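Please examine the sequence and the three-dimensional structure shown below. The paragraphs that follow lead through selected parts of the chain.

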Amino acid sequence: MVRIDKKQQRRVSPITLRKLMDRLKANVDSNEIAALRHKVKSNGRYMLDKHELLHRVYASAWLKKSDNGALVVANYTDMLLLSAGPIIEEERLGQLKQVARILPSTMAAFVGSSGRTLKIIVQVTLPEESRLGNETEMDLFFRKAYHAASAIYSSLLNVAVVPSGINDGSSPVMASCRISADESPLLIEKPTPLNVDGVELAPMPQTETALSIDDNDVSALISFLAKKYDFRYNTVRGATEYLEKEKPYWGWRPIDLRFVNGLSLDAREADIEARPKDVMTYLNSSRIRAVDPVDEYIFNMSYKWDGHDHIGDLADRVKTDLKQWKKWFRMWFYGMVAQWMGYNHKYGNSIVPLLVAPQSYHKSTFCRQLLPPELRWGYLDNLKFDNQKLVMQSMVDFLLINIDEFNSISKKTQEGFLKNTIQLASISLKRPYSRRVESERRRASFIATSNMTDVLSDPSGSRRFFVVNVTSPIDTDKPINYEQLYAQAVAAVRNNERRWFNDADIEQVMAHNRKYALLSSADMYFNDYFDTTSPDDPDAMKLTASEIYDYIRKRAGATAVTESITTFGRYLSNVPDIQKVHVKSGTAYYVKFRKKEG
């Protein structure tokens with residue numbers, strides 16, 4: 001461990017792994033670490049007023065001070081210090097800590113000082129004694145050891161895992177982290193060392209998936225590509241993306257075969273022998289940094305909410321006669337951001353605004369503008385809901401799904417698949433080439449648009465939607481302060497502000513949505529012949545669903561009511577204000593004739 005004393009001098013002191021774990025437990029009450037975590041959670045600057053009080057922990061080398069006070073390596077250890085994250089949810093940190101236990105090379109795991117990363121200490125097999133004194137060889141060994149371990153743990157944890165504290169290209173031997181606090185750090189008594197020597201340092205066998213060019217051309221190819229592009233592996237979409245440095249305003253775009261072939265030709269014109277499969281191998285390798293762009297966007301927000309209602313301002317751009325619009329939109333927006341942050345563990349964001357207006361009212365443009373430019377790749381508005389597998393996969397791969405032309409969704413899909421899908425918190429998927437079905441976190445929320453007003457076919461399921469009658473074109477020209485818009489949402493989610501409908505809201509939603517219902521024959525004929533009433537009404541009758549059904553068919557014709565008796569009974573149970581009572585033959589309803597016989 002290394003710290004800076006009051007005289008600004010480095011102090012180096014050894015500590016065993018067990019004592020380090022004890023120190024982490026004791027630090028749970030540390031004011032300095034608590035202050036740091038508070039600043040991170042409140043989007044404050046990542047700094048400490050008294051950072052000299054916190055030691056830095058180095059795992060891969062025994063350090064000593066040189067004559068001029070610099071840190072130098074005295075010897076090497078058999079440990080690597082990895083950092084996984086950033087990870088926003090505290091619960092997920094604890095889960096990943098236990099997942100790290102699966103790998104036998106794990107020695108210890110604990111929450112980082114920011115409260116947003118997981119530090120993992122991994123045991124490796126050191127090279128033979130003769131090489132330990134060769135600084136160049138040991139630097140190469142640790143670079144490859146960290147590279148291999150990072151790839152293994154990234155794959156297991158499904159988050160970015162890198163050497164801790166190394167972001168400037170310096171030797172990973174100096175990987176380090178601030179002393180942290182964790183009331184339950186993971187410590188493995190007898191780990192099995194990860195043997196990277198002989199595998200990583202030996203020449204790689206040339207397989208179909210290996211680069212087919214020599215080392216000099218590999219380095220030249222990577223350098224050539226890095227001059228023009230930035231690359232990242234989007235862990236949400238499961239795809240490698242590129243950003244053109246000269247045109248960053250185009251944003252991140254997924255690589256495709258046409259792009260890869262173009263890169264290969266460009267490289268060969270620059271006298272670098274590289275075939276398309278060489279480029280593809282590089283772009284689909286662990287050398288491309290893995291990024292969760294959603295976590296990165298939320299975590300990297302260096303601003304605090306200024307207290308102004310930016311979400312309300314955004315809602316005000318939509319002119320509507322719905323009095324609850326701003327309140328319900330705000331709850332939906334909180335739910336969307338909570339969905340991204342992984343806060344919806346039991347149920348997904350089950351609220352869906354349904355914007356109803358004529359064409360050219362900018363409904364779809366408004367929906368697209370809800371996402372910041374950095375995340376707009378996560379917007380989808382042409383999803384076909386008759387392909388259920390694609391819908392499920394899109395709920396994992398995208399952030400906001402616009403159900404455009406909602407009225408085109410069939411009644412069967414509305415009442416069955418869509419109603420049940422909207423409330424899911426996780427999705428069971430079998431990815432291509434995978435041999436098993438896996439449960440993945442849902443990220444997408446839904447919004448919908450329509451040009452028609454009679455759009456809702458399911459009276460019991462319509463509580464998930466709230467129809468917004470847009471009365472004038474939406475203002476989509478004014479710029480949006482996305483930083484403060486999302487800072488407000490993140491603050492609300494962390495404060496657990498309500499992002500779901502309570503019973504009072506549901507009652508209001510159901511009442512409001514009735515005028516937007518797609519009337520069935522049961523609706524029309526029941527309202528033609530009957531009124532709901534109370535038991536004390538002298539004209540009240542106590543009739544079962546089948547008796548009402550038979551009466552309508554006799555009066556209006558045998559084919560008048562197209563619904564089955566089961567569907568008609570379900571319709572009756574959801575008629576507003578209808579009173580019912582249990583009888584021997586089932587359920588009876590209190591009704592009276594609207595039209596007298598004869």
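Is Tyr 549 buried or exposed? Tyr 549 counts as buried, because its relative accessibility is 11%; buried means under 20% relative accessible area, exposed means over 50%, and partly exposed lies in between, with a 1.4 Å probe and protein chains only. The model is predicted, so local features need a pLDDT of at least 70, side-chain atom pairs count only at pLDDT 80 or more, and totals for chains, interfaces and linings use all residues. Residues are numbered from 1 along each chain as its sequence is written, and side-chain values use heavy atoms, with hydrogens and water left out.

Tyr 549 is one of the buried residues of helix α18, together with Ala 545, Ile 548, Tyr 551 and Ile 552. These residues cover an arc of only 165° around the axis, which puts them on the same side of α18; the arc is that of the directions from the helix axis to the C-beta atoms. Helices (H or I, at least four residues) and strands (E, at least two) are DSSP runs, numbered from the N terminus. Just after α18 comes Gly 557, which takes a positive phi of about 115°.

The aromatic residues come next. A pair of aromatic rings is described by the distance of the centres and the angle of the planes. Rings of Phe, Tyr and Trp (its six-membered ring) pair if their centres lie within 6.5 Å; planes under 30 degrees apart count as stacked, over 60 as edge-to-face and the rest as tilted. The structure holds 26 aromatic pairs. In one of them, the ring centres of Trp 328 and Phe 466 are 5.4 Å apart and the planes stand at 65°, so this pair is edge-to-face. Trp 328 belongs to helix α11 (residues 325-341) and Phe 466 to strand β22 (residues 465-469), so the pair ties together parts that are 138 residues apart in sequence. Both Trp 328 and Phe 466 are buried. A further pair is formed by Tyr 549 and Phe 568: the centres are 5.4 Å apart and the planes at 55°, so the pair is tilted. This pair links distant parts of the chain, with Tyr 549 in helix α18 and Phe 568 in helix α19 (residues 565-573), 19 residues apart. Phe 568 is buried, because its relative accessible area is 0%. Ring pairs also link a cluster whose members include Tyr 297, Trp 325, Trp 328 and Phe 466.

A cis peptide bond, with omega about 10°, joins Gly 85 and Pro 86, and Pro 86 lies in the loop between β6 (79-84) and α3 (90-100). Although Asn 158 is not a glycine, its phi is positive, about 60°. Asn 158 occupies the loop between α5 (135-157) and β9 (161-163), and Asn 158 is exposed, because its relative accessible area is 52%. Ser 360, likewise a residue other than glycine, has a positive phi near 70°. The loop between β16 (352-356) and α12 (363-369) contains Ser 360, which counts as exposed at 60% relative accessibility.
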